[in-house]
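Please find below some comments on the model. They are set out as numbered points.

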Amino acid sequence: MIKHDFHIHTEFSYDSRIKGKELLQRAIELGYQEIAITEHLDLLPQEVKLYGLPSLRKYNAYIDALRLEFQEITLHKGIELGDYHHVKEYADTIIQGYDLYPILGSVHFLSDQINVAIPMPCELNPAQVRDYYEQNLELVSTCNIDVLAHLGVFKRYYNTPPDEREHESLIREIFRVMIQKGIALEINFSSLYKPYQRCLPEPYYLELFQKMGGTKIVYGSDAHRIENFGITLQKWHIQ
Ligand SMILES: [Zn+2]
Ligand SMILES: [Zn+2]
């Protein structure tokens with residue numbers, strides 16, 4: 001597999017401190033051949049109210065300028081579409097004509113409005129975990145995404161892996177739909193620099209995906225700070 005990272009946030013994301021130029025310089029220094037900037041596109045009403053709508057026209061120009069300056073690396077103009085299945089029609093009209101690749105699909109909010117991508121006061125109960133995976137199933141079933149991002153993100157702030165056996169049939173169903181639709185599974189490194197200290201999903205699920213016939217797998221650092229880009233790959237000896 002060529003050295004790549006398909007999930008990086010830069011200054012266009014409201015929560016990232018990475019400058020586009022420093023990312024490209026660092027990626028080239030570290031020998032990456034292919035990277036994707038995947039800024040947040042969060043379109044739930046409460047998110048639009050908080051963060052506003054990013055301008056995809058400006059994003060286009062931003063990526064074009066970086067491509068021109070750093071021609072020795074393949075730079076993709078991607079997007080992380082949060083909770084796409086809840087805002088499908090709205091999102092489709094916004095991204096239409098922008099030629100975004102990869103489109104990462106990710107679930108951040110449960111039905112009860114809990115954001116599972118930020119530190120939570122306690123671990124989720126089994127009904128919430130089921131809801132989380134059901135949302136992922138709906139996402140992969142109803143949306144045209146290239147990659148399913150950070151499956152199991154709610155575990156990032158856990159210290160040990162929970163028993164998820166009761167949800168395995170649901171996870172298998174997510175994988176079945178992904179394989180049928182050609183959606184790649186992301187191995188997300190963000191939990192390596194958080195308490196969980198494991199990739200998401202964990203190697204067990206990666207093996208399950210592969211046993212079921214899944215071949216499309218991509219790595220994503222999900223970096224929001226430059227020190228979280230690249231280092232994890234080296235530190236964890238994952239190439
Ligand atoms: Zn995310
Ligand atoms: Zn992300």
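1. Donors here are N, O and S atoms within 2.8 Å of the metal (3.2 Å for Na, K and Ca), and since water is not among the atoms, sites may look incomplete. The model is predicted: local features need pLDDT of at least 70, side-chain atom pairs count only at pLDDT 80 or more, and totals for chains, interfaces and linings use all residues. Residues are numbered from 1 along each chain as its sequence is written, chains are lettered from A and ligands numbered from 1 in the order in which they are written, and side-chain values use heavy atoms, leaving out hydrogens and water.

2. Glutamate 80 bridges two zinc ions, ligand 1 and ligand 2, which are 3.6 Å apart.

3. Histidine 108 lies in the loop between strand S4 (103-106) and helix H5 (126-142), and histidine 150 in the loop between strand S5 (147-148) and helix H6 (168-181). Helices (H or I, at least four residues) and strands (E, at least two) are DSSP runs, numbered from the N terminus. Histidine 108 is buried, at 7% relative accessibility, and histidine 150 is buried at 1%. Buried means under 20% relative accessible area, exposed over 50%, and partly exposed in between (1.4 Å probe, protein chains only).

4. Histidine 76 belongs to strand S3 (residues 74-82). Histidine 76 has a relative accessible area of 14% and is therefore buried.
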